[in-house]
Amino acid sequence: MSTRRKQFTACLVGVLALIGAACAPEEEKGAGFTPGPLGAVTVDTGAPIKIGLLQAISGDTASLGTDQVRAVEIAIEDKGGNLLEHPIRTQVEDDLCKAEGGTTAGQKFAADPQIVAVIGSSCSGAAVPAMEILSGKGILMISGSNTSPILTSDLRGKKGTANQKGYLRTAHNDIIQGQAAANFAFQKLGAKKAATIHDGDPYTEGLANAFGNSFKELGGTVTLATAISKGDTDMRPVLTEVVASKPDIVFFPIFQPEADFIVKQAKGFPLLADTKKLFGADGLLSNTFIVIGQTEGMYFSGPATPTGATYTDFVGKYEKKFSEKPIQAFHAHSYDAANMVFAAIEKVAVKENGKIHIDRQKLMDAVYQTKDYQGLTGTLSCDEFGDCANPKIDIVQNTAAQKTIDQVRGNVLFTFEPPAR
Amino acid sequence: MTTVVEAPAAAVGSRVVMIGLVGGAVAVFVSANGMVEAFSERELLDGLTLGAVLLLSIPLLVGYVAGRRQPELEGFATRPPGWRNPATGLLAGFISGVTIGAFVLLIATVDLRGVLLNVTPELVRDDPRILTFGLEPGAGAGLLVGLFAVLGGLAGAIQVLPDLWRRAVLAAVGWVLAFGLMQAVVSQVLRGLQQQLRIWTEPLADFLYDTSGALSIAGITVVAVLGFCLQLLGSRKPRALVNARLERLTDRSRRIVRVAVLAAALLLLGLLPQVLGSFLSEVLNIAGIFLLMALGLNIVVGFAGLLDLGYVAFFAVGAYTTALLTSPQSSLGVGWIFWLAVPFVVLAAAVAGLLVGTPVLRMRGDYLAIVTLGFGEIARLLFLSDWLKPTFGGAQGIIQVGDITVGPVGVRTPQAFFYVIFVFVLLAAYATYALQDSRIGRAWMAMREDESVAEAMGVDIVTAKLSAFIVGAVLAGFGGALFATKIGSVFPHSFNVIVSITVLVVIIVGGMASVPGVVLGTMVLVGLPELLREFEEYRFLIYGALLIFMMLRRPEGFIPSKRRAEELHEEEIAQDEWLKTQDTGSRPEPGSRPEPGSRPEPS
Amino acid sequence: MARTNSLRRGPVAARRVRRLPVVDAFLWLVRIAAIALLLIGAVSSISSARLSGQQWRDLVVFGIAQGSVYALVALGYTMVYGVLRFINFAHGEVFMIGAMTGYFVTDGLARTALWDAAPILALLITLICCMTVSALVALLLERVAYRPLRGAPRLIPFITAIGASFFLQYTMASLFGTSVKAYPEVDILSGTFDVLGFRILRVHLLVIVAALSIMAGLYLYVERTRAGKAMRAVAEDPEIARLMGVDVDRTIARVFGVGGAMAGAGGLLFGLVFQNVHFLSGFLPGIKAFTAAVLGGIGNIPGAAVGGLTLGMVESMGPSLVLVGLGIPAAHQLKDVVAFLTLVMVLIFRPTGILGERVREDRA
Amino acid sequence: MALLEIRGLTKDFGGVRAVDGLDLDAAEGEIVSVIGPNGAGKTTLFNLVTGMTRPDRGEIVFDGHGIVGLRPSQIIELGIARTFQNVRLFPEMSVRENVMVARHCRTRSGMLKAVLRPPSFRREEAETREAAERALAFFGARLVGWRFDTPARSLSYANRRRLEIARALASGPKLLLLDEPTAGMNPHETGELIGLIRRIRDEIDVTIVLIEHDMRLVKGVSERVVVLDYGQMIAEGRYDEVASNERVIEAYLGRKASPA
């Protein structure tokens with residue numbers, strides 16, 4: 001028995017020694033380069049520069065993320081796959097379009113000291129926790145599709161509640177799309193009374209609200225601000241209420257399949273039989289939606305489709321590589337985001353015999369300082385809260401002449417550009 | 001004396017054909033639904049993708065099952081294993097192979113993509129021709145048939161081995177698969193060990209895995225040999241040995257051993273999150289929160305037998321209470337520290353438990369299920385609604401939920417958070433054990449077994465039901481509080497019925513009313529999917545199949561509670577007979593088991 | 001003498017009886033509050049004249065149409081429950097598969113001349129396909145997942161059913177994609193009828209008529225035929241039914257088959273009304289249909305009809321009538337809250353559902 | 001004064017009158033047998049007395065308390081415990097736990113105590129355990145020792161019956177209702193039970209009312225026999241008196257064309 005006790009003591013001592021060793025201070029490395037307050041990434045000779053992609057790649061919103069992942073891949077190819085003679089490698093993590101997904105994926109990136117920047121997230125809800133985690137680690141985060149005002153600012157100088165240093169975006173702020181849609185409805189269509197429908201998704205709720213607020217500011221009345229639930233099929237009762245409030249226009253920035261039910265069932269209501277009273281948003285700009293007969297005449301708001309040779313060129317590459325056209329509205333934004341990151345890396349990276357050091361603070365500063373950057377989506381300049389978009393919003397109409405989503409996107413009736421900030 | 005019972009050849013044949021066809025159908029299914037293709041993005045074993053492993057594991061399973069030996073029946077001699085085992089395996093594998101081969105030829109000639117979305121050209125028509133390993137369809141189909149048959153035969157041949165060796169082979173295969181799948185964990189642990197303890201482990205990771213993260217040939221060999229040997233040598237003896245030695249110790253030294261084990265466990269625990277690093281700690285934390293909920297639901301469903309499908313409501317109540325009280329952005333805007341909010345979480349959850357529990361007091365099991373499901377949805381919709389938006393933030397949720405602080409130190413990092421969750425889980429597990437073995441615990445179980453008899457035996461059903469709901473609600477409330485703090489924000493979308501179902505599945509698959517079972521269930525069903533994101537898209541498909549399989553094959557769960565595991569005492573009736581003969585004579589010592597020798601012969 | 005004497009001595013008992021009345025008092029409070037809110041909401045809603053009489057009548061029709069679909073699906077739940085005392089949680093998925101089949105068949109037929117030439121025949125063909133496929137799925141489910149578990153504790157087949165539900169959902173998703181599948185337009189089904197001042201969409205009329213006739217047929221089948229008698233016998237006591245020469249396995253399989261066929265028909269009608277189906281289409285309607293079955297009194301075939309119609313009406317009228325009247329914004333978002341609260345209320349008022357349940361008592 | 005007094009007890013089940021204006025007394029310390037053909041309302045009587053079914057009319061007074069309307073859990077606390085015709089145990093719980101459940105009404109500790117485990121809780125728990133083991137010891141070696149921890153479902157049929165009696169005894173009753181205690185037992189076991197029932201009465205001073213079909217037991221233990229038919233008492237008295245009663249024979253053997 002005493003031998004056993006001795007064995008045990010020996011074990012205990014061993015474990016303690018190991019713990020002691022674990023607590024010993026880490027040796028410093030690096031010589032000529034001194035990292036800033038947020039630390040730095042050192043990329044060894046021949047090692048890749050790692051970029052995290054925080055995108056929704058599964059579930060209902062998979063197309064939103066997939067599109068952006070592809071856009072970043074094209075951006076990398078355009079760079080020849082290399083940056084400062086280091087290959088660019090991406091790591092894709094799913095944000096599940098939910099806060100939980102944003103947390104887990106954020107932690108995964110935060111755990112990897114080699115991640116230079118993260119492009120994402122796809123969804124605003126995921127961005128809130130991810131931003132906090134990444135910002136805490138000093139990792140640059142730049143999204144091509146987050147639109148919630150809380151992530152940046154209300155565009156009037158009031159910082160968004162979730163805003164953190166190191167978060168930027170190339171997508172427009174919801175407030176702008178709300179203004180655009182309201183302006184179009186009020187001024188171009190002459191609507192004085194509007195009804196809004198959202199589906200409880202943070203995006204649709206935020207947009208419906210932004211529209212309502214702008215519409216009221218312009219002097220209109222919101223006769224009914226109502227909502228449905230995801231999974232609902234029978235929209236006739238809610239449409240009965242909408243009709244009873246006698247709106248001139250119904251703004252429902254929701255998604256499929258609920259929007260399908262709305263347009264299909266709306267035709268049974270004399271007031272809504274005129275499809276020009278139906279107004280959707282970018283979530284509905286898809287091929288499966290516009291083929292529905294009752295969407296003919298409907299209006300849609302959405303980020304302006306880029307124009308120009310560079311964009312045509314981009315779409316060509318996209319089609320060649322993935323044998324389909326871009327599937328969502330936010331690919332170009334992510335392409336721009338990736339290129340802004342690359343440009344910033346090139347600007348701040350310090351070379352040292354084959355290695356490069358990228359100071360995180362300097363990298364962030366460089367992106368914040370982006371001014372008049374010529375991207376696919378226009379001329380991008382970042383403000384102090386991270387809004388970089390050149391926020392042009394198109395209002396398009398689906399008419400009998402338009403057969404494909406690209407044609408619908410091309411049928412621009414109105415382009416909204418906010419007054420200079 | 002004993003006879004060799006031969007099953008009719010026709011019956012054996014039809015069974016093998018059946019197994020083969022089922023295997024073939026499964027192979028076609030996983031090919032057509034895109035699993036093989038999705039999984040082929042990841043290289044698992046040197047040169048073999050996960051998709052290929054999935055496909056090729058089918059003939060192995062089919063051959064193993066088809067080649068199974070006859071069940072041993074007392075009094076009958078079974079046919080000794082021989083050439084029949086690999087032969088039946090081969091036949092079944094061949095049949096599966098023909099099925100999948102036919103499918104390959106079919107999709108090579110007809111474009112099914114219009115209907116079956118995941119039958120992409122890359123499966124057979126265009127490079128990389130995933131299903132046929134790069135070959136032309138014709139040759140590929142032939143290859144598949146051959147491969148399936150050979151693998152089926154090989155798997156059938158395993159059945160020929162003596163039991164011990166057979167188990168060792170299976171262990172080796174299992175280890176290789178586990179190490180391949182868990183590459184991220186294994187290499188992180190090895191790396192973490194090196195960082196934390198300065199021991200030379202990181203090169204081991206480079207040895208086991210090649211640069212793409214697949215298990216290298218050398219790695220496969222080492223792991224397989226390790227698994228094989230450990231199974232061969234290990235087989236349960238050490239535990240018995242340890243137990244035997246412990247029993248011989250005096251009370252005092254036993255206490256010392258106990259303290260030492262505890263100390264070692266604590267040390268290990270101290271190191272664990274550091275070694276695992278932030279991501280794996282995060283995964284552990286997610287699992288920990290689900291574990292907390294599962295322990296709570298275990299009390300409601302496992303102990304009290306109240307099938308609650310709306311458990312997520314209490315989780316949401318906990319999360320929202322925390323968010324309201326700790327976030328400066330919430331409608332209350334008080335921004336308290338976490339610990340101050342905890343009593344209110346308990347209170348809110350308990351009230352919620354009462355609110356849900358009271359109307360359902362007199363409802364029978366199945367009504368309870370649907371009504372609680374309804375309550376879960378009601379809670380989510382209310383938190384989401386525009387109506388209560390001024391309080392709960394509607395779809396935009398509540399952000400900036402306060403950190404947990406211990407003294408002046410915040411614990412937002414996953415590693416630090418692990419300890420907080422661990423403490424809560426430990427408390428919940430202790431409470432579970434304590435309640436199980438108490439007056440109220442017995443009342444719950446009696447109620448689960450037979451409600452009206454329990455009441456006739458003096459159990460106050462109202463109190464018992466409400467207290468079960470309250471305890472369950474409070475534990476889920478804690479889970480919610482930790483969840484809100486961990487994420488730093490709450491959104492109503494996090495609280496849908498899937499959470500309730502996941503927690504239920506966890507306790508059922510793990511083993512109802514069994515704490516170790518619940519722990520294992522959480523790790524496998526919540527932790528693992530976080531690690532294996534490849535499976536994300538097929539998560540619920542796999543969940544569903546697993547649930548059906550578990551209920552058909554092992555309804556008591558992975559680790560059943562002790563009581564359920566106990567074998568039926570078949571000597572019971574015999575003992576009664578035996579007692580009867582003794583009645584006239586002296587009574588035996590109470591508690592003494594009947595001696596085996598005195599067992600009466602069955603007439 | 002002793003009797004009167006002892007009768008006076010009741011205080012001990014009286015003291016101890018009190019706890020239940022607290023619960024009872026609470027439940028009464030809930031009942032009164034519910035009725036009060038209902039009345040206040042309804043009165044203020046109707047008196048505000050927000051909606052015209054025509055619009056209220058429309059809401060009734062919408063409710064009946066939606067309720068008919070619920071009722072058809074509820075039949076499957078109720079039949080299985082009546083016989084096996086088991087919630088076939090996957091029944092909603094059988095319904096969804098019916099709707100999916102309807103999509104594939106109508107989509108295929110829409111490309112042929114038959115669709116335009118003989119639309120009714122085409123619809124009949126589709127109906128038969130949907131019913132057959134759904135019945136087959138239900139039978140397969142019974143054979144593979146439920147039959148081996150007969151006699152197991154009640155929780156176990158229920159969990160299996162949850163598993164089967166997920167498995168079927170994601171099987172459909174992974175094979176046929178997660179996108180929304182749109183039904184083609186059926187010309188003969190568009191337009192409206194006027195019946196007694198109610199404006200009814202043709203497709204709604206079809207649904208209501210089809211649901212009523214199917215249910216009537218089923219009722220006759222169960223009450224009048226030999227097979228129906230066997231079902232009732234098994235529902236009463238499987239052991240005794242077996243002794244009386246009923247093939248229990250076959251009868252139970254038949255129950256699943258018939259229930260599946262009903263769900264298939266329901267699926268097609270759902271598809272025709274909403275012109276859309278996707279892999280999750282069965283989940284919520286399934287839960288609602290089970291709610292309807294419980295609402296009407298489980299195990300009770302007319303109960304399923306009553307429950308389905310009640311639920312449909314509550315969903316369509318409830319938000320407009322009560323919630324809007326109470327001044328709750330975005331009332332239709334809370335449609336499901338109203339539906340589930342109705343269930344809770346009905347069960348508090350009438351614990352066995354509106355028409356009462358018809359299942360055998362718990363055998364000890 | 002009788003321990004149990006039943007006056008005018010009536011219960012209908014959807015048109016069938018199971019118990020019809022029944023008057024019945026049981027004096028303290030008595031052993032009363034209730035017999036009657038199937039469907040005579042015997043088990044319904046037990047259900048009514050224990051509160052598992054609510055009577056339509058009538059009074060039940062036990063030990064000075066009117067107990068109609070009380071819940072079963074309150075009635076057992078007052079001192080009426082029962083067994084069931086078709087043994088209803090808690091199958092997955094151990095033998096000892098089954099009996100410990102019956103102590104529920106004699107103990108008080110709640111959830112908080114269970115988690116904090118103060119000395120008072122431990123004491124109560126030990127007492128409960130001891131009381132349970134004592135109740136089990138009534139049956140000699142059959143339900144003790146290693147049997148304590150086996151699940152109830154693993155017991156033989158006769159042992160289940162015994163366990164059920166032990167469970168009822170553990171609640172400390174003044175009145176014990178036994179519903180066909182010998183059903184399914186062999187003659188040897190029945191004989192054993194006759195002695196046991198007397199022992200229970202004598203040793204723990206409890207009144208026993210039992211329903212029985214086995215006339216050997218009825219004859220062997222009962223001081224008074226009550227015969228029910230169609231929910232009414234048709235005869236009452238000592239076994240031999242009742243056995244020769246014409247109405248009883250008629251009830252058992254068949255009825256004449258017109259009811260009396």
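Colleague: Thanks! To start, is D:Glu30 buried or exposed?

Modeller: A note before that: this is a predicted model, where local features need pLDDT of at least 70, side-chain atom pairs count only at pLDDT 80 or more, and totals for chains, interfaces and linings use all residues. Residues are numbered from 1 along each chain as its sequence is written, chains are lettered from A and ligands numbered from 1 in the order in which they are written, and side-chain values use heavy atoms, with hydrogens and water left out. Buried means under 20% relative accessible area, exposed over 50%, and partly exposed in between, with a 1.4 Å probe and protein chains only. The relative accessible area of D:Glu30 is 13%, so D:Glu30 is buried.

Colleague: Which residue forms a salt bridge with D:Glu30?

Modeller: A salt bridge here is a side-chain nitrogen of Lys or Arg within 4 Å of a carboxyl oxygen of Asp or Glu. For D:Glu30 the closest N and O atoms are 2.5 Å apart, and the partner is D:Arg224.

Colleague: How many residues apart in sequence are the parts that D:Arg224 and D:Glu30 tie together?

Modeller: Helices (H or I, at least four residues) and strands (E, at least two) are DSSP runs, numbered from the N terminus. D:Arg224 lies in strand E9 (residues 224–229) of chain D, while D:Glu30 is in the loop between strand E2 (16–26) and strand E3 (31–35), so the pair ties together parts whose separation in sequence is 194 residues.

Colleague: And D:Arg108, which pairs with D:Glu77: is D:Arg108 buried or exposed?

Modeller: The closest N and O atoms of that salt bridge are 3.1 Å apart. D:Glu77 has a relative accessible area of 21%, so D:Glu77 is partly exposed. D:Arg108 has 52% relative accessibility, so D:Arg108 counts as exposed.

Colleague: In which helix do D:Arg199 and D:Glu203 lie?

Modeller: Their side chains meet in a salt bridge at 3.0 Å, N to O. The two residues are four apart, about one turn of the helix, and both lie in chain D's helix H7 (residues 187–204).

Colleague: How many salt bridges are there over all chains?

Modeller: One network links C:Glu142, C:Arg147, C:Arg150 and C:Asp249. Over all chains, the count of salt bridges comes to 55.

Colleague: Turning to rings, how many aromatic pairs are there over all chains?

Modeller: Rings of Phe, Tyr and Trp (its six-membered ring) pair if their centres lie within 6.5 Å; planes under 30 degrees apart count as stacked, over 60 as edge-to-face and the rest as tilted. Over all chains, the number of aromatic pairs is 48.

Colleague: How is the pair of A:Phe251 and A:Phe279 classed?

Modeller: The ring centres of A:Phe251 and A:Phe279 are 5.1 Å apart. Their planes stand at 75 degrees, so the pair is edge-to-face.

Colleague: Where do A:Phe251 and A:Phe279 lie?

Modeller: Both are buried, A:Phe251 at 0% relative accessibility and A:Phe279 with a relative accessible area of 0%. A:Phe251 lies in strand E10 (residues 249–251) of chain A, and A:Phe279 in strand E11 (residues 278–280).

Colleague: What class does the pair of B:Phe540 and C:Phe166 fall into?

Modeller: This pair crosses between chains, from helix H23 (residues 539–553) of chain B to helix H8 (residues 155–176) of chain C. The ring centres of B:Phe540 and C:Phe166 are 5.3 Å apart and the planes are at 15 degrees, so the pair is stacked.
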